[in-house]
Amino acid sequence: MRDFVKLYLFLNVIVFFSWGTAQASDAGFQAVQGTLDLSSWNPAVQKSLPLDGEWGFRWMELEDQLELESRRSFLEPAGRFIKTGSSWKQAVGEDSKGLGYATHILKIKGLRAQPNELALNFSQFISCYRLYLYDSLSQELVLFAESGRVGKTIPEQIYQYKRLLKPLPALQGQDIYLIMQVASLQVEGGFPLAPEIGLHTDFQNKAEHTAWESFYILGMFSFLVISNLFLFLLRREDKPSLVMALFALLMVIRYMSTEGIIARFFPEPVAWNFYISYYIIGLALQLGFTLYMQFFAYTFPRILPRYVLPVAWGTCITQALWTQVSRYVPGWPSLYLQFLLVVFAMGMIMLAKLVLLAWRRQRGAALSLLGISFIVLAMANDVFVWMKLYEFIYIGHYGMLAFIFCQSLVVASNFAHAFRTAERLSQDLQIEVERQTRDVKTILANIHQGILTVRPGLTVGDDYSQYLCEILQDRNIENRNVLDLLFHSSNLNQEQKDMVRTILEGAIGEAALNFEINEENLVRDTLIQDGHGRQKNVLIDWDPVVNEKTDEVEKVLVTLRDVTELRAMEAKTRQQQRDMELIAEIIEVAADRFQNFLASSRRFLEENGRLLQAAIQPSSEVLKIIFINLHTMKGAARTYRFTSMTAIIHDAEHFISLVQKQQMPWDAEHAWQDHERVLAIFQEYERVNRDRLKRVDAKDTVRLDLDTVRENIRALEAIGEIRLDDRLTPFVDQVRKTFFQLYYQDVDHLFAELVKILPQLGRDLQKPDPEVILRSVPAGLTKEAADVLHDVFIHIFRNIMDHGIESPDERQKKGKAAQGQINIDLSVNRQGELQISIEDDGQGIRLDRVKDIAAQRNLLDPKRDYGFREIAELIFVPGFSTAKGVTEVSGRGVGMSAVVEYVKNLGGRVELRLTEELSELGPCPFRLELFLPHACFTLYQAARRVA
């Protein structure tokens, strides 16, 4: 590589060495003062001769043929002379742009009369011209040749680049005049290329050779365009090949312009041909250089400074615009040299980088440098030949071909390297794919998940896991319909199956967006039945396999996970957690109190069940009983903080309440479902208490039926009237005592248990625990009466705490102690009834509020006057409440009506007595009195007497 760089530098030195040592050819025949003497010229020796030298010059003269014939001014010596190839500025002054039109005159002396052998050969581009031929002997003026159309204004002018070969007519004299009228109003004029005179046959041979050479070179350029473009189409990311194709195409157009190939097909001059050629030739250097810099930046990335490429493109675009504007703006300066300096500076930067890359043996750098060497040497040769420093052919187009060919080799080399790399990567990829395929097959054979793919037609592919057969207990999987395979014996309904089918059919083969939109509607969790009839709970994942290029779903990957055992374990864990939550609630309540709660709740549920089964459309009375039972049960559950049960009972109670208020129609199925839910939660509490806490059915406990106990009590009471043998009396007394203890519950013990619910009510209402004062006769209550009073006092205590006893702040404002007081008196009245009086030191009944609410509910006859007690007793009306809203403690108007109902069912009654005289409606203290018949209680003295 270093040897190549040295060779490159040596070849550049050769250019300058050749320039310094080349012998300039003999100028030969030259026109002097507008006259060219060819008397000593021998066409047989020197076959062609350029008509160089000084021509006569007449500025801004453009006469037609008639004017020339009439005036014959060309016969007179011209006032000015100009050398061919010189700018008109030399003759007209530096202040002029050198644009305009002029007449050039050349007198040729001593030309032999060889009409069949001599010809004139013309080649012009930047000017349009007309050439007249005048024979001094025959005095005949002939329009000999014309290139384009000559005119005095730009619209009149049409430029045409075209090589012309015209044989000289038969000459009679030895002296002839060449009158060439030239116009150049768009580019600086002049007479760049002098016509050639020589043997016609020689010119014809040259023309044929040049034509073949031109088309050969054009074919080579086109081949390079096509080859580079083809490489780009094969590998779109290969940008250098595209840039080099554009570069070669630019050179094709430029070569066709400079060689006049386009004009060969248009005998008449065409304006657009000139403009295309003019701009392409003008921009070829700048645009070609910029394209090569772009090629260099793509081929050797991150080598050029960042500013070089933008500056190159900016200079190219600026030059194009500048050249365009200069055509129409008079006096617009030409900056062509300045543009060339910018190009030269950037070229030096790029060349230095390229030499460095070649020195470092960067792939393609040496070939690219070799191509630059070819074009530099060819351009230097053409410049030196143009300057006539030595005689040689023009080889610029060959140098350009060599340059593009070398750069194309760089592209091909990189393409081949990329191809070999891709082939190697492809082989590596194939090996990797085979390895991964083996791995996938191993995974599918051993993974404990059911995996399959759904293909077009909803068929199962052959790439499924072996564990799928274990889940489904089916070996016939491949090519089966996925819906039949998975869901033929599942718990999905037909609508769900149709939904899955529609989504899959609309996703496979379509855009991935279709799957994403409907993905959430696919079944994720279902029960299926395997081949042995066993039900399994499976989770299903659906994942699209998307083609990244087309963004289409090729197939759908389905993953099945058998979670039957997991779900069973989860259910067991949830049940255990649930049991622990219930245990935490139950153990906060004493065992006997919880047993009492279960007993009363069971009684309520049994009664509600009977009522719901017996009534298709229940009456308002039945609804009231159901509602009271639920409300009482909820109150007890709320008191004992059985939160799970409270919420479910509340929902059932709420439905009955809406039906009672006629805000919802009766729905027997809804009501029964609510009852079943309440019964289920009740049984769950009962189960946990029995099975987990082992609180019942102890080994040393014997259960007796309540009716049996009751019958034995009556029998023992009857025995008490009979005088027994003294030996039997102790045994009968012991049996009587035992049965009395089973059947009767001590009043003190009952109220001691009831008082325990007050602290919880106080916490719910943010009130301190009230002081309870109990004054009671020694009595025992029957099992039925004790259970009823337990439920009754839950309502009474809740009513007292919510409506009666004020908040601590209100009590202190009234001069009361912050702690409320409840007085309970039990006595036997004259009628033999057990009278229970309950009174608190709270605010009493707001009779004014009671009356207002009763009036709003149309409970009062407007024509009648009501006493204070009558108004107070309205609180016993079902659904009546003075609460402003429904709370967890009260507000539904059930409490006092339930008290009346329960006591009434025992054969007793409830009375309300105002304890103060009133003169107007307002707050009034009261006492609530409950009367139970003798069948509900016994006095211990009587019991002992009977015993």
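Figure 1. Asp463 is partly exposed, with a relative accessible area of 23%; buried denotes under 20%, exposed over 50%, and partly exposed the range in between (1.4 Å probe, protein chains only). The model is predicted: local features require pLDDT of at least 70 and side-chain atom pairs count only at pLDDT 80 or more, whereas totals for chains, interfaces and linings use all residues. Residues are numbered from 1 along each chain as its sequence is written, and side-chain values use heavy atoms, with hydrogens and water left out. Asp463 forms a salt bridge with Lys555, the closest N and O atoms being 3.4 Å apart; the term denotes a side-chain nitrogen of Lys or Arg within 4 Å of a carboxyl oxygen of Asp or Glu. This pair links distant parts of the chain, 92 residues apart: Asp463 belongs to the loop between strand E13 (459-460) and helix H11 (466-472), and Lys555 to strand E16 (residues 552-562). Helices (H or I, at least four residues) and strands (E, at least two) are DSSP runs, numbered from the N terminus. A salt bridge also connects Asp463 to Arg455, with 3.5 Å between the closest N and O atoms. Both partners are partly exposed, Lys555 at a relative accessible area of 21% and Arg455 at 30%.

**Figure 2. The salt bridge between Lys756 and Glu753.** The side chains of Lys756 and Glu753 meet at 3.3 Å, N to O. Lys756 is partly exposed at 44% relative accessibility, whereas Glu753 is buried at 12%. Elsewhere, salt bridges with shared partners join Glu833, Arg909, Glu911, Arg913, Arg927 and Glu929 into one network. The structure holds 36 salt bridges.

**Figure 3. The open sheet containing strand E16.** Five strands are arranged in the order E13-E12-E16-E15-E14, with antiparallel pairing. E13 and strand E14 (525-529) stand at the edges; each has a single partner strand, so one side of each lacks a neighbour in the sheet. Two strands are paired if DSSP finds at least two bridges between them. E14 and strand E15 (residues 535-547) run antiparallel and are joined by five bridges. Ile528 stands opposite Lys536 in E15.

**Figure 4. Two surface patches.** Leu193, Val383, Trp386, Met387 and Tyr394 make a nonpolar surface patch of about 490 Å². Patches consist of residues with over 30% relative accessible area and no salt bridge; like charges are joined within 9 Å and nonpolar side chains (Val, Leu, Ile, Met, Phe, Trp, Tyr) within 5 Å. Accessible areas come from the Shrake-Rupley method with a 1.4 Å probe. Val383 is found in helix H9 (residues 365-386) and is partly exposed, at 43% relative accessibility. A patch of negative charge on the surface gathers Glu510, Glu516, Asp551, Glu552 and Glu554.

**Figure 5. Arginine residues with positive phi.** Arg72, although not a glycine, has a positive phi of about 50°. Arg72 is placed in the loop between helix H2 (65-71) and strand E4 (80-83), where it is partly exposed, with a relative accessible area of 28%. Arg641 likewise has a positive phi, near 60°, in a residue other than glycine. Arg641 lies in the loop between helix H17 (620-639) and helix H18 (643-660) and is partly exposed at 41% relative accessibility.

Technical notes
Lys and Arg count as positive and Asp and Glu as negative; His and the chain ends are not counted. The place of a charge is taken as NZ of Lys, CZ of Arg, CG of Asp or CD of Glu.
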